[in-house]
Amino acid sequence: MIDIHTHILPFVDDGCKTEEQAISLLKEEETFGVTDVILTPHYHLADYNKTVQDITKAFEDFKEKASKVTNIKLHLGFEIYDDGLLKEENIDAFSIANSEYFLQELPLQNSAENLNEILYLYKKQGKKIVLAHVERYDLGKDLLLALKERVFIQVNASTVIGKGLFKENKITKWLLKNDLVDFVASDIHYNRDNNLKKAYDFVEKKYGKDRAERLFNLNAREFLLK
């Protein structure tokens, strides 16, 4: 498996506060059979005051230390909230594992407010969008169906197994039933349960091995081809 959305990288957001916490989460992922983890700290300067340079340095330092205690391959990405950076000429530094894909977060309320502008800015730069934890947004089923032609959809493992809010679980169930999900990820923070393996087992049992492999592994391989 490949976990494409995590808050394991320490010291940079609301995820891990120590290297020990981060290492413990990586070791847990390894027991699930995870081979690659993409570290996707929040990029939101107003809340976390961390620049891309700060986060990149933290990643390089942690990657070296983690390599001594785990076989999991680490890659850097960002969960982007500040859409102002999309107006910059070069946004490649914010991509998922140096790919053409970007993990974009939306506001939980009025989620569609700036969505058209965000979609336009990515399209203008020839980039691909992965919408983070889509089930959390107030987008509605009709808009989600329309968006499927323009974005890739990620849902959290917790809602796959019914451990999220009722509304989130219901949307995830509908997305899976209609084969609209591209990625399932843990969105793991240190103070949350990691439901990735349980979600994989659920999808495999309900929708088959091929679907499980696609949502938890094969689609994410596209990020790692470079």
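Hi everyone, let me start with the lining of the largest pocket: its residues divide into seven nonpolar, four polar and four charged. Before going further, please keep in mind that this is a predicted model.

So what does that pocket look like in numbers? It holds about 250 Å³ of space. Fifteen is the number to remember for the lining: of those 15 residues, Phe59, His75, Leu76, Ala97 and Asn98 are the closest to the pocket's centre. If you want to find the place on your screen, look for α3 (52-66) and β4 (73-76), the elements that give two or more residues to this lining. The largest share, four residues, is from α3.

Now please turn to the second largest pocket, with about 170 Å³ of space. How do the residues of its lining divide? Here we have two nonpolar, six polar and seven charged. Again 15 residues line the pocket, and nearest its centre lie Arg136, Asn156, Ser158, Asp187 and Arg192. Helix α6, residues 157-160, provides the largest share of this lining with three residues.

Arg136 and Asp187 form a salt bridge, with their closest N and O atoms 3.3 Å apart. Arg136 sits in the loop between β7 and α5 (141-147), and Asp187 in the loop between β9 (183-185) and α8 (196-207), so this pair ties together parts that are 51 residues apart in sequence. Are the two partners buried or exposed? Arg136 counts as partly exposed, at 27% relative accessibility, while Asp187 is buried, with a relative accessible area of 2%.

That brings me to salt bridges in general. How many does the structure hold? There are twelve, and I would like to show you two others.

One is between Glu19 and Lys65, where the closest N and O atoms are 2.8 Å apart. Glu19 belongs to helix α1 and Lys65 to helix α3, so the contact ties together parts that are 46 residues apart in sequence. Glu19 is partly exposed at 24% relative accessibility, and Lys65 is partly exposed too, with a relative accessible area of 42%. You will remember α3 from the largest pocket, where four lining residues come from this helix.

The other is between the side chains of Lys127 and Asp92, at 2.7 Å from N to O. Lys127 is in the loop between α4 (115-124) and β7 (128-131), and Asp92 in the loop between β5 (79-80) and β6 (101-104), so the pair ties together parts that are 35 residues apart in sequence. Lys127 counts as buried at 15% relative accessibility, whereas Asp92 counts as partly exposed at 36%.

Why can we call β1 largely enclosed by the rest of the structure? Because five of its five residues are buried. Strand β1 pairs with strand β2, residues 36-39, in the parallel sense over three bridges. Within that pairing, Ile2 has Asp36 of β2 as its bridge partner. Between the two strands comes helix α1, residues 19-31, and together β1, α1 and β2 make a right-handed β-α-β unit. Helix α1 is also where Glu19 lies, the partner of Lys65 in helix α3.

How values were computed
Residues numbered from 1 in each chain as written. Predicted model: local features only at pLDDT ≥ 70, side-chain atom pairs only at ≥ 80, totals over all residues. Heavy atoms only, no water. 1 Å grid on protein atoms, 1.4 Å probe; cavity = no way out; pocket = protein on both sides within 12 Å on 5 of 7 lines; lining within 4 Å. Points joined across faces, edges and corners; volume = space filled by probe spheres on them. Nonpolar A, V, L, I, M, F, W, Y, C, P; charged D, E, K, R; others polar. Buried < 20%, exposed > 50% of the residue type's maximum accessible area, 1.4 Å probe, protein only. Pairing = 2+ DSSP bridges. Right-handed = clockwise from strand over helix to strand, strands pointing away. Salt bridge = Lys/Arg side-chain N within 4 Å of Asp/Glu carboxyl O.
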